[in-house]
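Me: I am new to this structure and would like to know how its terms are applied. Please show it to me before we start.

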Amino acid sequence: MKEVWIQTVSGKRADLPTPKLDQIDINDIAYALAMKCRFNGQCKKFYSVAEHSVRVSWLLPAELTLAGLLHDANEAYLPDIPRPVKELIPEYKRVENLLEDTINLKYGIVLSDEDKRHIKRADNVMLATEARDFMGNTTDWGLTEIPLKRPIKPWTIDESRWGFLEAFNLYAGD
């Protein structure tokens, strides 16, 4: 089988679809997620996956903040494919899940089904808020969560990166 891997900004090799714990690096994750725009770039203002992740973590109880912060961390190693498209690509979902499991193992995250539902709800509240603030017409999206009252003022790429790392250091106790 042909090797499939990417090189990260720190120079590490990340093997796909078989990532190793030592290939996962929080600085690579923060950098990549800060550079990625939500909604496949199809939004009115640049809004990073890193900022989204920080905002999701803010909606969670203390014991889930790290998991909430890292809920999209696999996107540092994979392209950010919109939710409806992911469902059409089973192999992508398999690799995405394997990366998520590896990242969770690296950072000591163990989630119950209830924890996963709680994180998904926070993610969906942010989705509803982001849709309102950055997307315009989302009537066909089937969103059920109520958006937050305060509109989002998006951070810069640097603010997103450093905000993500600051949250990680706070939540992970490093």
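**Contacts, core and surface**

Reply: Leaving aside neighbours within four places in sequence, Phe164 is in contact (heavy atoms within 4.5 Å) with Ile26, Ile29, Ala30, Leu33, Ala50, Ser53, Val54, Leu69 and Leu70. This is a predicted model: local features need pLDDT of at least 70, side-chain atom pairs count only at pLDDT 80 or more, and totals for chains, interfaces and linings use all residues. Residues are numbered from 1 along each chain as its sequence is written, and side-chain values use heavy atoms, leaving out hydrogens and water.

Me: Which residues touch the most other members of the largest nonpolar core?

Reply: Ile26, Ile29, Leu70, Tyr77, Tyr107 and Phe164 do, in a core of 45 residues. A nonpolar core is a set of buried Ala, Val, Leu, Ile, Met, Phe, Trp, Tyr and Cys residues joined through side-chain atoms within 4.5 Å. The largest share, six residues, comes from H1.

Me: Why is Ile157 called partly exposed?

Reply: Buried means under 20% relative accessible area and exposed over 50%, with partly exposed in between (1.4 Å probe, protein chains only). Ile157 has 32% relative accessibility, so Ile157 counts as partly exposed. Ile157 is found in helix H7 (residues 157-172); helices are DSSP runs of H or I, at least four residues, numbered from the N terminus.

Me: What does the side chain of Asp133 have a polar atom 2.7 Å from?

Reply: The backbone nitrogen of Ile152. Asp133 is found in helix H6 (residues 113-134). Beyond neighbours within four places in sequence, Asp133 is in contact with Arg150, Pro151 and Ile152.

Definitions and conventions:
Helices (H or I, at least four residues) and strands (E, at least two) are DSSP runs, numbered from the N terminus. A polar contact is a pair of N or O atoms within 3.5 Å; within protein, one must be able to donate a hydrogen and the other to accept it, and residues adjacent in sequence count only if both atoms are side-chain atoms.
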